[in-house]
Amino acid sequence: MRIRIASSYFEMSNAAAKLIAVQVRRKPDSVVGLATGSTPLGTYRELARMHRDEGLDFAEVRTFNLDEYYGLAPDHPQSYRYFMNENFLRHVNINPKNVHIPNGLAKDIEASCVEYEASIRDAGGIDVQLLGIGRDGHIGFNEPGSSLGSRTRLKTLAQETISDNARFFKSLDEVPRFAITMGVGTIFEARHIVLLASGVEKSDAVKLAIEGPVTTEITASALQLHPRVTVFLDEAAAEKLKRKDYYKYVESMRQVVGQGDV
Ligand code: F6R
């Protein structure tokens, strides 16, 4: 697990965008797993800027989103499809045919989840998967207690997640109680996993995910077992890490051997 601590949200977002840009330039038809929520907004903004100013080309890129609220239509302003269009997809030259987001209106949920997994496999698997982390340590909507081998499925949201997400809805009652989410096992198959966290309110979850035991109580802790994970944090999110100084030292030494950005 590589831990990169940035001085600000802005720096963190730009570093994560740079990593994705390197991947897309190396392999123009990369399969990129995407997340919604507040955390990746700066990364999406920077990727859109790179597209506009530096010609970063998304024409062949294929994307798979982690999750979608169950029961929301794609044009619902709080659906994750709407979020992705507004905050990223419409700002780059991605082919809509290459965009995959779980179907929140699926009649046969199970069949639709099986199909989602199959389309990830058919695309050759995910090259780089972007993740945020919930205050309860979730990745995707894999709430505490989710199996670390779980696959794409319907998940009942935890109360903490429902109240955290209420800020995007008119009232708490409007927040969906279910989501379709990639499982921890699905996420784990990505070749490179990039987790972003910003702000002091994430610092407990970050500490437990990186330095705590691997447990279903903090589904992000499963990432400790993955061979290639990069965690981008700002100072506030990194504040409770026991080995924070060591992680910074490691990064400074990587610069010395010219491995700072890879
Ligand atoms: C979003 C997702 C969630 C969020 C997490 C953090 O697609 O899968 O796991 O990444 O809830 O959300 P923010 O970034 O809003 O704090």
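This is a predicted model: local features need pLDDT of at least 70, side-chain atom pairs count only at pLDDT 80 or more; totals for chains, interfaces and linings use all residues.
Residues are numbered from 1 along each chain as its sequence is written, and side-chain values use heavy atoms, with hydrogens and water left out.

**View 1. The largest cavity has a volume of about 40 Å³.** The structure holds 3 cavities of 30 Å³ or more. A cavity is a set of points, on a 1 Å grid over the protein atoms alone, where a 1.4 Å probe fits but cannot get out; the volume is the space filled by probe spheres set on the points, which are joined across faces, edges and corners. Look for Ile20, Val32, Leu34, Leu47, Phe58, Val61, Thr63 and Phe88, which line the largest cavity (lining residues have an atom within 4 Å of a point). This lining has 7 nonpolar, 1 polar and no charged residues. Here Ala, Val, Leu, Ile, Met, Phe, Trp, Tyr, Cys and Pro count as nonpolar, Asp, Glu, Lys and Arg as charged, and the others, Gly among them, as polar.

**View 2. The largest pocket holds about 630 Å³ of space.** A pocket is an open set of points with protein on both sides within 12 Å along at least five of seven lines. Of the 32 residues lining the largest pocket, Gly37, Ser38, Asn165, Arg167 and Lys202 lie nearest its centre. Strand 4 (67-69), helix 3 (80-87) and helix 5 (159-165) are the elements giving two or more residues to this lining; helices (H or I, at least four residues) and strands (E, at least two) are DSSP runs, numbered from the N terminus. Helix 5 gives the largest share, 3 residues.

**View 3. The second largest pocket holds about 270 Å³ of space.** Its lining has 14 residues, with Arg4, Ala15, Phe232, Gln255 and Asp261 nearest the centre. Helix 1 gives the most to this lining, with 5 residues. By class, you will find 6 nonpolar, 2 polar and 6 charged residues here.

**View 4. Tyr246, Tyr249, Met253, Val256 and Val257 form a nonpolar patch on the surface.** Together the five have about 550 Å² of accessible area, by the Shrake-Rupley method with a 1.4 Å probe, where only the protein chains shown count as cover for residues. Val256 is found in helix 9.

Note on methods: Patches are made of residues with over 30% relative accessible area and no salt bridge: like charges are joined within 9 Å, nonpolar side chains (Val, Leu, Ile, Met, Phe, Trp, Tyr) within 5 Å. A salt bridge is a side-chain nitrogen of Lys or Arg within 4 Å of a carboxyl oxygen of Asp or Glu.
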